[in-house]
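Thank you all for coming; I would like to take a few minutes to walk through one model with you.

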Amino acid sequence: AVALLFAGQGGVQCGAGRALAQHSPIFRTLLDETLAAAGPFWPDELRRVLWDDDAAWHRVEVQPALVVLQIALGRYWRAVGLEPRLLMGHSLGEYAAACLAGVLTVEDTLRLVCARAQLLRDRCAPGRMLAVLAPAADVRPLLEPWAGQVAIAAINGPRHTVLSGTAAALAALEPQCTARQWRCRALETTHAFHSPLVEPALDAFRQVAEQVAYQRPQWPYVSSLTGTWAPDEVASADYWCRHL
């Protein structure tokens with residue numbers, strides 16, 4: 001049995017998909033179709049971003065290119081006979097999983113992703129993210145003095161927690177973590193994703209999210225918010241605002 005897990009930002013190498021597009025007419029066609037679907041919502045040439053060896057993949061502006069690549073790959077694997085038992089996506093990758101599960105059309109997926117990237121870039125202050133090799137339950141008490149400035153952005157495993165927030169808050173928290181013998185690693189990112197710092201983008205994002213059409217999943221799909229089979233609320237603007 002095969003599961004497809006779509007990574008969040010930072011989980012892709014420059015040039016990903018280039019060789020496959022050169023050698024597979026099927027993938028090349030599907031990639032062209034997906035790029036065309038993003039065209040009305042993003043002003044820059046996403047193909048150039050995808051295959052630019054100098055692309056800054058940590059910048060928020062590359063998010064639409066990443067989702068285009070993931071959707072095209074998911075469609076390609078199905079086209080050549082690989083049918084996944086389930087789909088799941090982390091952070092930005094959940095948009096690709098939801099699209100392939102039938103929650104959103106390709107066009108509406110890219111409408112949301114492009115709006116998300118533009119709003120994060122234009123309305124949200126810069127921030128930092130920090131991976132900490134410790135259980136979330138142990139890390140959480142350290143965050144109390146920094147309410148509104150830092151949050152747990154993701155729980156990637158029993159002993160792998162990602163923090164997200166202001167540079168000042170994480171600069172104060174990192175020595176506290178290392179003093180407890182918890183290994184830390186700063187993530188290369190421009191913004192504090194999945195933290196209170198994205199709140200300035202939420203109202204405008206909701207306006208876009210309320211304009212798209214949703215369906216209940218037609219394919220087995222696991223929610224990264226609940227860790228369960230996707231609940232009915234994935235087919236709603238509320239879900240995607242919570243996700244952001």
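This is a predicted model: local features need pLDDT of at least 70, side-chain atom pairs count only at pLDDT 80 or more; totals for chains, interfaces and linings use all residues.

Helix α6 passes helix α9 in a right-handed crossing, where right-handed means that the near helix is turned clockwise from the far one by less than a right angle. Residues are numbered from 1 along each chain as its sequence is written, and side-chain values use heavy atoms, with hydrogens and water left out.

The axes of α6 (residues 106-123) and α9 (residues 202-209) come within 10 Å and cross at roughly 165 degrees, the axes being lines fitted to C-alpha atoms, for helices over the stretch in contact, with angles from 0 to 180 degrees between N-to-C directions. The two helices are therefore roughly antiparallel to each other, a term kept for angles over 145 degrees. On the α6 side the contact, meaning heavy atoms within 4.5 Å, is made by Arg 111, Leu 112, Ala 115, Arg 116, Leu 119 and Arg 123, and on the α9 side by Ala 204, Phe 205, Val 208 and Ala 209. By class, this contact has 7 nonpolar, no polar and 3 charged residues, with Ala, Val, Leu, Ile, Met, Phe, Trp, Tyr, Cys and Pro counted as nonpolar, Asp, Glu, Lys and Arg as charged, and the others, Gly among them, as polar.

Let me turn to the sheet. Three strands form an open, parallel sheet in the order β1-β2-β7, where two strands pair if DSSP finds at least two bridges between them, and helices (H or I, at least four residues) and strands (E, at least two) are DSSP runs numbered from the N terminus. Because β1 and β7 stand at the edges with a single partner strand each, one side of each is left without a neighbour in the sheet. Strand β1 (residues 3-6) pairs with β2 over 4 bridges, and Phe 6 stands opposite Gly 89. On the other pairing, 2 bridges join β2 to β7 (residues 221-222), with Leu 87 partnered by Tyr 221.

Finally, which residues make up the covered face of β2? They are Leu 87 and Gly 89, while Leu 86 and Met 88 make up the uncovered one. Helix α5 (residues 93-100) lies across β1, β2 and β7, running at about 150 degrees to β2.

Note on methods. Buried means under 20% relative accessible area, exposed over 50%, partly exposed in between (1.4 Å probe, protein chains only). Angles under 35 degrees count as roughly parallel, over 145 as roughly antiparallel, 65 to 115 as roughly perpendicular and the rest as oblique.
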